There are 2 protein chains.
Amino acid sequence: MIDFRVTKTDGRARRGVLRTPRGEIQTPVFMPVGTHATVKAVCPEELTELGAGIILSNTYHLYLRPGEDVIKGQGGLHRFMNWPGAILTDSGGFQVFSLARFRKIRDDGVEFRSHLDGSLHVLTPERAIRIQESLGSDIMMTFDECTPYPADEDYALKSLSLTTEWARRCKAARTTDQALFGIVQGGMYSHLRRRSLDELLEIGFDGYAIGGVSVGEPKALMQEVTAVTTPLLPEDRSRYLMGVGDPLDILFAVEQGIDMFDCVMPTRNARNGTLFTSRGRVSVKRSEHTYSTEPLDPECACPACRNYTRAYLRHLFLAREILAMRLNSLHNLAFYLNFMQQLRDAIDEGRFSRFAKHWRETLGPEAD
Amino acid sequence: MIDFRVTKTDGRARRGVLRTPRGEIQTPVFMPVGTHATVKAVCPEELTELGAGIILSNTYHLYLRPGEDVIKGQGGLHRFMNWPGAILTDSGGFQVFSLARFRKIRDDGVEFRSHLDGSLHVLTPERAIRIQESLGSDIMMTFDECTPYPADEDYALKSLSLTTEWARRCKAARTTDQALFGIVQGGMYSHLRRRSLDELLEIGFDGYAIGGVSVGEPKALMQEVTAVTTPLLPEDRSRYLMGVGDPLDILFAVEQGIDMFDCVMPTRNARNGTLFTSRGRVSVKRSEHTYSTEPLDPECACPACRNYTRAYLRHLFLAREILAMRLNSLHNLAFYLNFMQQLRDAIDEGRFSRFAKHWRETLGPEAD
């Protein structure tokens, strides 16, 4: 099981410690995403060196390939991927919503077609828990219906009620001591978010997540939902904003009291050649780097910055070399994890607002 | 400059030491190929850990992208790619022959169009040396006309004469103390191979390579050319069979007295999922590995074999994950480098023929 306590606050920003069976996680924390039982382009030893203590992996993807029976037979996901740290698995709800070729929501669950081969599948709350138990993650998520954007109030209400019902069934289906987090839905309606949370609180979970954001809504709406919902979440449980995000989104959400984040941004941007640095974003392919003998970020201690020049990183990227993906991914993850470390220090030292101001100036759109 | 001496022989197989400005290389040696200033999917630290002391890089590719002026401005290829070991650069002759979209052989050199963007270029012996001097490799190769297969005797003779003339100009153009190897051509004609070599010997080089093999000829012809030419090469210079090859080809060539090899096979096969093991070749995607909790090769100490199961490697490969390319490449390079280490030990201990027999049984077509 897990245990969470807040160790310090600065405004609504919280410093905390999440104890898991696989180590203590300092929060606010960013979880690198390892969709197919690997954080793309990096290996577990590198993640550990970068300071990652928890990653996210995807139930939907692992259920389809290689199948949870395979991973169970390997002794679980940690052993399968050789990752000694903690793992949070999502429930598949978001991917059924965003990836599956076809989906039909039924009372008992969702029928959908695989995005890989079109094969027909059914995920139910019970099945989602069973899969996550086979994976053996440290934190499981309830199976939700991820309310799309836009959704009218009627739809959002029906959707959150279904999510509540499924959350109840998820909790009842659990047979292990893996932690289980509930997911607050309710679309972009504040009163529905509150209602969703109240219903989840009545059931009781080990942590609470805000779902149904990063689904195509304007950033202002994501911020509104986060700002309205976060203060309502119980203080003694960790709070997780799913699928977020950009370092500036993380700053905003930490300001509201969020503790946990996941996002493909650092690794996906890396593969596209967009790199985060202490001086702002850098597009590595730009011709201005052709002859550069400078490191990508002189303030970064990652292997890409320690051992190579911008000219080399540009060359690798343009030549589509795998090492470009490796070094860029390492760098962006180093940036994110270092950013979170600095953010935690700032809360500890009561200077979070100054920290946030600095990064808003550095990474704001005008610095892009 | 370099220095080579034979330390032991076993039949015609030779053990030797090649002293370079960047360390001593034990021969027979396999040089991993780093076409674009990176051995695909692995980083220099990993190469060093695997025991690689020398790699090959490609003048043609680096000339086109990023350009030798870029690499010269970075302090040379070693610093550019952060590789502390030795580097041999080919001259571009083979790539102009095999990759360029169009080529026109002139007395002064070759006019060709880039395979990247169709732009028009001219490589001459002088230019090929100038580029290799900009790269700063430890061993340069003369610019040759790689005789195609099949080629009639007339063509092969004219071609080798041009190669001789170009080799003379390469030597005259050299302005540094980088080593320079001559390349024996002559097509599949034994007397022309002898003639090519005699002409090169008259000019005098730091080492001698057999070129114009691995150009589509039947394996028996490659073996014949190797068997006929190798014993003629001077005993006190290192002997390099270009672009070879399969471990069985290496065995054959070492038996004839070859000291140096390069080939994309370990890394390319890795990316295609064909892995070399102590028990034979393994196709990692095969369904028989789906549930396997075995390592790929229990006798291998590489990270892929130490940390992961066949089931995981299969999963990564089918999911087209970058980590699959990394682990498979590491493994196949570990296999090759370990194979060469064992081969050297076998020569040192006077049991090369037993060693060769063992591997012919293990890797022969029937074991595939």
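Into which domains is chain A divided? That is where I start.

This is a predicted model, in which local features need pLDDT of at least 70, side-chain atom pairs count only at pLDDT 80 or more, and totals for chains, interfaces and linings use all residues. Residues are numbered from 1 along each chain as its sequence is written, while chains are lettered from A and ligands numbered from 1 in the order in which they are written.

1. Domains of chain A. Chain A is divided into domain 1 (3–263) and domain 2 (270–367), with bounds from an automatic or database domain assignment. Taken over C-alpha atoms, the centres of these two domains of chain A are 27 Å apart.

2. Where the domains meet. In chain A, 22 residues of domain 1 are in contact with 23 residues of domain 2 (contact: C-beta atoms, placed from the backbone, within 7 Å). On the domain 1 side, the elements giving two or more residues include strand S1 (3–10), strand S2 (13–20) and helix H10 (247–256) of chain A; helices (H or I, at least four residues) and strands (E, at least two) are DSSP runs, numbered from the N terminus. H10(A) gives the most to this side, with five residues. By class, this side of domain 1 has 13 nonpolar, three polar and six charged residues. Here Ala, Val, Leu, Ile, Met, Phe, Trp, Tyr, Cys and Pro count as nonpolar, Asp, Glu, Lys and Arg as charged, and the others, Gly among them, as polar.

3. Where the chains meet. 31 residues of chain B are in contact with 31 residues of chain A. On the chain B side, H13(B) brings the largest share, five residues. The classes on that side are 17 nonpolar, ten polar and four charged residues.

4. Cis peptide bonds. Please look at A:Thr27 and A:Pro28, joined by a cis peptide bond with omega of about 0°; A:Pro28 sits in the loop between strand S3 (23–27) and strand S4 (29–31) of chain A. Another cis bond joins A:Arg65 and A:Pro66, with omega of about 10°.

5. Positive phi. Most residues other than glycine have a negative phi. B:Ala41, not a glycine, has a positive phi of about 80°, and B:Arg320, not a glycine either, has one of about 55°. Are these residues buried or exposed? B:Ala41 counts as buried because it has 25 C-beta neighbours inside 10 Å, whereas B:Arg320 is exposed, with 9 other C-beta atoms within 10 Å (buried: 20 or more; exposed: 12 or fewer; partly exposed: in between; C-beta atoms placed from the backbone).

Methods. Two residues are in contact if their C-beta atoms, placed from the backbone, lie within 7 Å.
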